Amino acid sequence: MVTREPREQLLGRQREREVLERLLEAARGGRGGVLVVHGEPGVGKTALLEYAVEAARGFRVARAVGVEGEMELAYAALQQLSSPSLDFLERLPDPQRDALAVAFGLAAGRAPDPFLVGLAVLGLLSEAAADRPLLCVVDDAQWLDRASARALAFIARRLLAEKIALVFGARQLNDALVGLPELHVDLARAHLLYGEWLRRERRRVDARNELRAHELFSDFGMEAFAERARVELPG
Ligand SMILES: Nc1ncnc2c1ncn2[C@@H]1O[C@H](COP(=O)(O)OP(=O)(O)OP(=O)(O)O)[C@@H](O)[C@H]1O
Ligand SMILES: [Mg+2]
């Protein structure tokens, strides 16, 4: 269980945090949902996912991360996400359990029916969420293996009556994830936030470099930048 307070140092992102909090609140109340947090590299997606984990008080948390070198390994990410729930394997109907056992390399057999694998993982997550809500976090979803991405999208569309929140972080929208609810994280604003955070930390040289690296702000100069940040960023 996560007992830490949500991090204070996440600058701005008021709107994004509220969207995540609403998703968690709904899941707590038995209305599960999904969100794909997407944006450019370094924009702050993982930071927002970590915020969700910290805000998910009383939730179980299951995680998976897409790995570029594992994109060819069918069900690699799904196995990661499901591993804490495998204790519930015995509760699944036989065909689902058999399909999952083959998918996760626990038994030999022909390639399993993706529908059965999807249903099986949904069943496991649902069991895991029976006594307290569950937050599933899948970061770097642009590198998910195809089988996992499709299974997760299948699951994402069936969370309505579950105490489950599923949050993806992705640089680009994987084909399988297109059409799911999105939260776009804005790049220009991220630089502004990060630069302002550095400035407030009194790391003026780093702040200046952050500013210089981004053409949108390169003509601003430090003082104008700080002024704009003050206007745009609460707190
Ligand atoms: N709102 C913010 N306030 C302060 N620091 C932030 C904020 N957002 C991101 N950062 C910092 O910026 C850096 C990059 O953020 P993060 O790793 O979350 O980006 P990302 O979108 O996940 O990148 P990637 O696509 O490479 O996975 C980190 O050091 C993070 O702590
Ligand atoms: Mg990241």
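Predicted model: local features only at pLDDT ≥ 70, side-chain atom pairs only at ≥ 80, totals over all residues.
Helix 1 comprises 15 residues, 14-28, and spans 21 Å from its first C-alpha to its last. This span is close to the 21 Å expected at 1.5 Å a residue. Five names make up its buried set: Glu 16, Leu 20, Leu 23, Leu 24 and Ala 27. Viewed down the helix axis, these buried residues fall within an arc of 95 degrees, so they line one face of helix 1. The face turned away from the buried side carries Gln 14, Arg 15 and Glu 18, which are exposed. After helix 1 comes Gly 30, which has a positive phi, near 90 degrees.

The buried residues of helix 1 pack against several elements, namely strand 1 (33-38), helix 2 (45-55), strand 3 (134-139), strand 4 (164-170) and strand 5 (182-184).

Strand 4 pairs with strand 1 and with strand 3. Strand 1 and strand 4 run parallel and are joined by six bridges; within this pairing, Val 34 has Leu 166 of strand 4 as its bridge partner. Strand 3 also pairs with strand 4 in the parallel sense, over five bridges. Between strand 3 and strand 4 the chain passes through helix 6 (residues 146-156), forming a right-handed β-α-β crossover.

Note on methods
Residues numbered from 1 in each chain as written. Chains lettered and ligands numbered in written order. Helix = DSSP H or I, 4+ residues; strand = E, 2+ residues; numbered from the N terminus. Expected span 1.5 Å × (residues − 1). Buried ≥ 20, exposed ≤ 12 C-beta atoms within 10 Å, placed from the backbone. Arc of directions from axis to C-beta. Contact = placed C-beta atoms within 7 Å. Pairing = 2+ DSSP bridges. Right-handed = clockwise from strand over helix to strand, strands pointing away.
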